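Dear colleague,

I am passing on the structure we talked about, and below it you will find my notes on what it contains. Please read them with the structure open beside you.

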Amino acid sequence: MSKVFILNANQQPLYPVRISRARLLLSQGKATVFQRYPFTIILKESLSHFKLEQLGFKIHPGIKTTTTPRRK
C-alpha cells in the first residue's frame with residue numbers, strides 16, 4: 001500500500017494519506033500537485049472536515065539510522 005505525502009496550505013507536512021484520499025482531493029480541486037518525485041500534494045486551503053494530522057519526528061541523538069515517523 002503506497003502513501004502520498006501531503007502539505008497543508010502553509011507548506012507544513014501532514015501525515016501521509018492513501019492514494020485514494022489524494023486522488024479524491026485532487027479531483028475535487030482542493031489540492032494540487034506540489035512535487036512529482038516523491039509525489040507530494042499541497043492543499044489549497046485548510047480543511048477542517050478531513051482528519052489530517054500534522055507530521056512530527058522524534059529524533060534520538062545517539063542512533064545512526066532513521067526509523068518511520070511518529071505521530072505527535
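**What was found**

Of the 72 residues of the protein, 25% count as buried. Please keep in mind while reading that this is a predicted model. The protein has one helix and six strands, and from the N terminus on these elements follow one another as β-β-α-β-β-β-β. Among the contacts between residues at least 6 apart in sequence, 39% join residues that are at least 24 apart. The protein exposes about 5,900 Å², and carbon and sulfur atoms supply 52% of this area.

**The sheet and the helix**

Four of the strands form an open sheet in the order E2-E1-E4-E3, and the pairing in it is mixed. E2 and E3 are the edge strands, each of them pairing on one side only, and neighbouring strands of this sheet are turned by 35° against each other on average, if direction is ignored. As a reminder, strands of a sheet pair through backbone hydrogen bonds, and they do so either in parallel or antiparallel fashion. Here E1 and E4 pair in the parallel sense over three bridges, whereas E3 and E4 run antiparallel and are joined by four bridges. Helix H1 lies across E1, E2, E3 and E4, and it runs at about 105° to E2.

In soluble globular proteins, nonpolar side chains tend to be buried together. The largest nonpolar core in this model has nine residues, namely Val4, Ile6, Leu14, Val17, Ala22, Leu25, Ala31, Ile41 and Leu43. Two or more of these residues come from each of strand E1 (3–7), strand E2 (13–18), helix H1 (19–27) and strand E4 (40–43).

Val33 is placed in strand E3, which covers residues 31–35. Is Val33 buried, partly exposed or exposed? Val33 has a relative accessible area of 41%, and therefore counts as partly exposed. Leaving aside its neighbours within four places in sequence, Val33 is in contact with Leu26, Phe39, Thr40 and Ile41. Val33 and Leu43 are ten residues apart in sequence, and their C-alpha atoms are 8.9 Å apart in space.

E3 and E4 form a hairpin, with four residues between them. Pro38 is found in the loop between these two strands, and a cis peptide bond, with omega at about -10°, joins Tyr37 and Pro38. The backbone oxygen of Pro38 lies 2.9 Å from a polar atom of the side chain of Thr40.

Thr40 itself is found in strand E4, and Thr40 counts as buried because its relative accessible area is 6%, with the cut-off for buried residues being under 20%. If its neighbours within four places in sequence are left aside, Thr40 is in contact with Phe5, Ile6, Leu7, Thr32, Val33, Phe34 and Gln35.

**A backbone angle to look at**

Most residues other than glycine have a negative phi, and most peptide bonds are trans. Which phi does Gln11 have? Gln11, although not a glycine, has a positive phi of about 60°. Gln11 is placed in the loop between E1 and E2, and, with a relative accessible area of 48%, Gln11 is partly exposed.

With best wishes

Technical notes
Residues are numbered from 1 along each chain as its sequence is written. This is a predicted model: local features need pLDDT of at least 70, side-chain atom pairs count only at pLDDT 80 or more; totals for chains, interfaces and linings use all residues. Side-chain values use heavy atoms; hydrogens and water are left out. A nonpolar core is a set of buried Ala, Val, Leu, Ile, Met, Phe, Trp, Tyr and Cys residues joined through side-chain atoms within 4.5 Å. Buried means under 20% relative accessible area, exposed over 50%, partly exposed in between (1.4 Å probe, protein chains only). Contact means heavy atoms within 4.5 Å. Two strands pair if DSSP finds at least two bridges between them. A polar contact is a pair of N or O atoms within 3.5 Å; within protein, one must be able to donate a hydrogen and the other to accept it, and residues adjacent in sequence count only if both atoms are side-chain atoms. Accessible areas come from the Shrake-Rupley method with a 1.4 Å probe; for residues, only the protein chains shown count as cover. Axes are lines fitted to C-alpha atoms, for helices over the stretch in contact, and angles run from 0 to 180 degrees between N-to-C directions.
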